[in-house]
Amino acid sequence: MLKKRIIPCLDIQDGRTVKGINFVDIIDAGDPIELAKSYVAQGADELVFLDITATIEKRKTLVELVTHIAEEINIPFTVGGGINSIEDVSAIIKAGADKVSVNSSAVKNPELITQIANEFGSQCVVVAIDTKFVDGEWFVFVHGGRTATPLKTLDWVQQVEAIGAGEILLTSMNNDGTKAGFALDITEKVSASVNIPVIASGGAGTKKHFKTLFENTQASAGLAASIFHYGEIPIPELKQYLKNENIAIRWT
Amino acid sequence: MIAIIKYNAGNIRSVQNALNRLGYESMITDDKTEILNADKVIFPGVGEASSAMKYLKDKGLDDVIKSIEKPMLGICLGLQLMCDYSEEGDTKCLGIFNTQVKKFPPKEKVPHIGWNSFAEVKGELFQHIKPESDMYYVHSYYAEKNEQTIATCNYIEPFATAIQHNNFYATQFHPEKSADVGTQLLKNFLEL
């Protein structure tokens with residue numbers, strides 16, 4: 001049986017792990033490689049590294065970091081943030097990442113999704129979507145959630161699937177940082193409207209939130225950052241809970 | 001020395017990293033002599049079947065692979081290319097395993113991404129691995145079960161997740177990405 005995945009997300013800035021609260025305040029939370037290794041030891045099923053470094057000159061640092069991560073860990077990982085071209089993708093995949101995630105750049109240039117899929121396969125293209133509920137409708141936001149677009153989330157997910165996305169990482173901006181639970185409605189609507197896996201993100205605050213996510217939506221995975229970083233919910237405890245609640249999870 | 005076959009498919013670096021962690025020396029190579037002289041050969045890959053097959057043929061690697069006498073392990077696309085035929089790009093493959101590769105019907109999410117269990121295990125490749133363990137998968141095509149199948153996985157339907165014919169072994173899952181159980185499987189292969 002295919003298991004539901006628990007994915008810690010590590011936001012990286014200048015080679016360090018950080019976490020934005022509602023995409024604004026940033027607190028330093030450690031060394032990414034040490035943190036990654038500790039997540040692997042705790043039973044994380046996959047890792048996502050999001051580089052929020054804005055400057056191009058720091059991009060080389062990211063490739064070096066990806067190389068080190070790939071040397072150290074034996075589970076899959078995705079790298080995203082500021083990936084604008086097939087050259088960026090190539091450098092990150094060759095450094096050892098399993099997948100890349102594209103967000104604003106895919107909205108600006110959807111052809112990038114197809115290029116990555118053609119060159120490296122759909123399985124390595126994760127389309128990350130920041131979505132916000134505005135006036136009764138879910139819209140796509142870009143630039144770390146700062147810029148609204150006229151794209152409706154449900155239209156965009158179908159489009160990205162058709163042009164080569166292998167997975168969708170859906171973050172609800174309304175829920176992110178609130179610890180009040182995942183956005184179940186949009187997660188389920190998105191999961192039901194595409195045939196590729198959907199990773200739900202934004203709002204995890206309790207173990208029960210993961211149970212509710214997996215029981216009420218077809219999401220393949222739940223992603224969170226701060227609750228794992230600050231040890232609020234240790235991964236083994238979360239997995240034990242989900243196992244007891246009869247959610248199919250990987251048990252190590 | 002372990003040879004990792006170099007071709008136009010991703011994920012090769014991850015295999016080498018896994019071998020390094022296990023303390024094995026390896027080289028990524030498309031040189032016939034280096035491949036045939038290695039103690040073990042790994043044929044990894046994530047990518048598309050027809051372009052990968054074309055690359056192997058252009059480099060003459062198709063015949064090299066078939067003539068390997070030492071233990072060889074195909075991984076993911078490697079397994080698929082070792083079969084007779086793949087629906088992906090309507091591709092005639094290496095014909096080491098007498099089975100066919102088909103696309104998953106869209107009854108569930110495709111690609112099949114994530115951790116899944118295995119069953120119907122035969123042989124030494126899975127020794128010291130708990131039967132309830134999960135391995136990591138990422139694929140949209142699968143090999144049909146045949147008599148050479150040494151483990152199956154159930155996604156939409158049971159498929160061949162590990163196959164063996166003589167010295168040729170292959171897994172659909174990624175042992176190099178399957179945490180400690182995957183490492184154990186790689187170790188089993190390396191100690192054959």
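Predicted model: local features only at pLDDT ≥ 70, side-chain atom pairs only at ≥ 80, totals over all residues.
Y39(A) is buried, with a relative accessible area of 2%. This residue belongs to helix α1 of chain A, which spans residues 32–42.

- Leaving aside neighbours within four places in sequence, Y39(A) is in contact with P8(A), L10(A), A44(A), L47(A), A225(A), F228(A), H229(A) and I235(A).
- S101(A) is located in strand β6 of chain A, formed by residues 99–102.
- With a relative accessible area of 4%, S101(A) is buried, because this value falls under the 20% cut-off.
- Residues up to four places away in sequence not being counted, S101(A) touches L50(A), T78(A), V79(A), G80(A), G81(A), I83(A), V126(A) and A128(A).

**Exposed position in a strand of chain A**

- P150(A) lies in strand β9 of chain A, residues 147–152.
- The relative accessibility of P150(A) is 75%, so the residue counts as exposed, the cut-off being over 50%.
- P150(A) and F139(A) are eleven residues apart along the chain, and 6.8 Å separates their C-alpha atoms.

**Helix packing in chain A**

- Two packed helices are described by the angle between their axes and the distance between the axes.
- Helix α3 (residues 86–94) and helix α5 (residues 111–120), both of chain A, pack at an angle of about 40 degrees, and their axes are 10 Å apart.
- α3(A) and α5(A) are therefore oblique to each other.
- The crossing in which α3(A) passes α5(A) is right-handed.
- On the α3(A) side the contact is made by I86(A), V89(A), S90(A) and I93(A), and on the α5(A) side by L112(A), Q115(A), I116(A), E119(A) and F120(A).
- By class, the residues of this contact between α3(A) and α5(A) are six nonpolar, two polar and one charged.
- For helix α7 (residues 184–193) and helix α8 (residues 207–216) of chain A, the axes come within 10 Å and cross at roughly 35 degrees.
- α7(A) and α8(A) also form a right-handed crossing.
- Here L184(A), T187(A) and E188(A) of α7(A) meet T212(A), L213(A) and N216(A) of α8(A).
- The contact of α7(A) with α8(A) comprises two nonpolar, three polar and one charged residues.

**Strand pairing in chain B**

- Strand β11 of chain B covers residues 149–155; six of its seven residues are buried, so the strand is largely enclosed by the rest of the structure.
- β11(B) pairs with strand β12 (residues 157–165) of chain B in the antiparallel sense, over six bridges.
- Within this pairing, N154(B) of chain B stands opposite P158(B) in β12(B).
- The two strands β11(B) and β12(B) form a hairpin with one residue between them, and I156(B) in the turn has a positive phi of about 70 degrees.

**Backbone geometry**

- A cis peptide bond, with omega about 5 degrees, joins V110(B) and P111(B).
- P111(B) is found in the loop of chain B between β7 (97–103) and β8 (112–116).
- E120(B), a residue other than glycine, has a positive phi near 55 degrees.
- The position of E120(B) is in the loop between β8 and β9 (135–139) of chain B, and the residue is partly exposed, with a relative accessible area of 46%.
- N246(A) likewise is not a glycine, although its phi is positive at about 65 degrees.
- N246(A) is placed in the segment after α10 (235–244) of chain A, and at 70% relative accessibility N246(A) counts as exposed.

**A loop residue of chain B**

- E48(B) occupies the loop between β3 (40–43) and α3 (49–58) of chain B.
- At 26% relative accessibility, E48(B) counts as partly exposed.
- Apart from neighbours within four places in sequence, E48(B) is in contact with L77(B), E88(B) and G89(B).
- The C-alpha atoms of E48(B) and L81(B) are separated by 9.8 Å, the two residues being 33 residues apart along the chain.

Note on methods. Residues numbered from 1 in each chain as written. Chains lettered and ligands numbered in written order. Heavy atoms only, no water. Helix = DSSP H or I, 4+ residues; strand = E, 2+ residues; numbered from the N terminus. Buried < 20%, exposed > 50% of the residue type's maximum accessible area, 1.4 Å probe, protein only. Contact = heavy atoms within 4.5 Å. Axes fitted to C-alpha atoms, helices over the stretch in contact; angles between N-to-C directions. Parallel < 35°, antiparallel > 145°, perpendicular 65-115°, else oblique. Left-handed = near helix turned anticlockwise from the far one by under 90°. Nonpolar A, V, L, I, M, F, W, Y, C, P; charged D, E, K, R; others polar. Pairing = 2+ DSSP bridges.
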